[in-house]
Amino acid sequence: MRAIVFLLCFFSIVAFAADKAPASTKSSGSQTQAASQGLQIVNVPPLQEIKGVVSWETLAQVVQSSSRSRITAIFTKEILALNDQEVKIQGFMMPLEPGQKQKHFLVSVNSATCPYCMPAGPEGVVEVLSTTPVKYGFEPIIVSGKFTVLKDDPMGLYYRLTNAVQASAK
């Protein structure tokens, strides 16, 4: 529950921070409406695949199954092979704590440019517990650490990275 409250606060901050980010030059009905309300739409390109970094396409290969009153995740062998391995993940930071530097945050496949939308489902988000604080920014980051596949997380997450540190693509 605490994570959801932080996410809602984060999305509110993103709405105000969007004023400082470059706006898309394309115009559509919803963008025109947003502009008339004083909001700017940020056009963020998708992440590029990097050799040695776990692909979001791989992490997205999860099948959700309904059984009784629960939805469970069925992971591929490729995903399960990543469990308890040291890996690198690239994505956009979503803070879960107040402040400019974060030790507990989410990394998402998509940038959180909409203050009212989740950037991805559970297959497109990794919870990160970092050993040292990582500075928040709008640019994608790479973090490395011990990857865990979460089979029954109470928050509905599928993936966690522990003992994480900010890394480079090399």
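In which strand is the place of Met 93? Met 93 lies in strand S3, residues 85-95. The views below show a predicted model, in which local features need pLDDT of at least 70, side-chain atom pairs count only at pLDDT 80 or more, and totals for chains, interfaces and linings use all residues. Residues are numbered from 1 along each chain as its sequence is written, and side-chain values use heavy atoms, without hydrogens and water.

**View 1. Met 93 in strand S3.** Strands (E, at least two residues) and helices (H or I, at least four) are DSSP runs numbered from the N terminus. Met 93 is buried, at a relative accessible area of 3%; buried means under 20% relative accessible area (1.4 Å probe, protein chains only). Its C-alpha atom is separated by 9.9 Å from that of Glu 127, 34 residues apart along the chain.

**View 2. The hairpin of S1 and S2.** Strands S1 (residues 62-67) and S2 (residues 70-75) run antiparallel and are joined by six bridges; two strands pair if DSSP finds at least two bridges between them. Ser 67 has Arg 70 of S2 as its bridge partner. Two residues stand between the strands, and Arg 68 takes a positive phi near 55 degrees.

**View 3. The largest nonpolar core.** Such a core is a set of buried Ala, Val, Leu, Ile, Met, Phe, Trp, Tyr and Cys residues joined through side-chain atoms within 4.5 Å. This one has 27 residues, and Ile 89 is among those that touch the most other members. Elements giving two or more residues to this core include helix H3 (56-59) and strand S7 (159-166). A second, separate core of seven residues includes Leu 106 and Leu 150.

Key
Buried < 20%, exposed > 50% of the residue type's maximum accessible area, 1.4 Å probe, protein only.
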